[in-house]
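Hi,

Here is the structure I promised to pass on. Please open it first; my notes follow below.

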Amino acid sequence: MSDSVRIYRANAGRATAEALADVLIDCVESGASVGFMLPLSRERALAFWQGMLESAARGERIVLVAEDLESRTIVGTVQVVLAMPENQPHRADVAKMQVHSKARRRGIGEALMRAAEAAAREAGKTLLVLDTVTGSDAERLYTRLGWQRCGEIPGYALWPRGGLCSTTVFYRVLTE
């Protein structure tokens, strides 16, 4: 990853939510299946991120951001969802890993994932789980980073413009 990018925990400010909404809109418009359909309004994207940042403030999740230090803009994000059922206190979900289309191929996704793993360890988690679009760049990244593939679920979600896409489920056991 370039030295011009810094990864840190997001704050709950409006500017952070605005910047994260920009990343979400870009990713959805670029075809990412991350839970939203087109058209995705700015208001909806902003409301989503305000909710996620409020959830982080309550300790239910960790929201990490990647900031490009030259432009002073947020170019990526990932979440570690800590709020789990009481019989799963040892695990967390990794969710909504997104990198702005203009910032891809710079190692930001890998850096975000390594930071997510470190944050989960710090939170006392020993198992992480995630899902991603089958055949995506993200699937190749997770495999390269040593995540274990569980399997594929056909027709799990919709692409932002419609049409079914399959999902691959991964896990990672965290070690010291």
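How many nonpolar, polar and charged residues are in the lining of the largest pocket? There are 20 nonpolar, 10 polar and 9 charged. Bear in mind that this is a predicted model.

More on that pocket. About 1,100 Å³ of space lies in it. Its lining counts 39 residues. Met-97, Thr-132, Ser-136, Ala-138 and Tyr-142 lie nearest the centre. Elements giving two or more residues to the lining include α3 (108-122), α4 (137-144) and β7 (164-173). β4 gives the largest share, 7 residues.

Next, salt bridges. The structure holds 16.

- Arg-42 meets Asp-22 at 2.7 Å, N to O. This pair links distant parts of the chain, with Arg-42 in helix α2 and Asp-22 in helix α1. Arg-42 is partly exposed at 31% relative accessibility, and Asp-22 is partly exposed at 38%.
- Arg-105 pairs with Asp-137, the closest N and O atoms being 3.2 Å apart. Arg-105 sits in the loop between β4 and α3, and Asp-137 in helix α4, 32 residues apart. Arg-105 is exposed at 75%; Asp-137 is partly exposed at 41%.
- Glu-110 and Arg-114 meet at 3.1 Å, N to O. Both lie in helix α3, about one turn of the helix apart.

There is also a network: salt bridges with shared partners join Arg-14, Glu-18, Asp-22 and Arg-42.

Last, the cysteines. The disulfide count is 0. For Cys-150, the nearest cysteine sulfur is that of Cys-165, 18 Å away. Cys-165 is buried, at 3% relative accessibility.

Best wishes

Key:
Residues numbered from 1 in each chain as written. Predicted model: local features only at pLDDT ≥ 70, side-chain atom pairs only at ≥ 80, totals over all residues. Heavy atoms only, no water. Disulfide = S-S within 2.5 Å. Buried < 20%, exposed > 50% of the residue type's maximum accessible area, 1.4 Å probe, protein only. 1 Å grid on protein atoms, 1.4 Å probe; cavity = no way out; pocket = protein on both sides within 12 Å on 5 of 7 lines; lining within 4 Å. Points joined across faces, edges and corners; volume = space filled by probe spheres on them. Helix = DSSP H or I, 4+ residues; strand = E, 2+ residues; numbered from the N terminus. Nonpolar A, V, L, I, M, F, W, Y, C, P; charged D, E, K, R; others polar. Salt bridge = Lys/Arg side-chain N within 4 Å of Asp/Glu carboxyl O.
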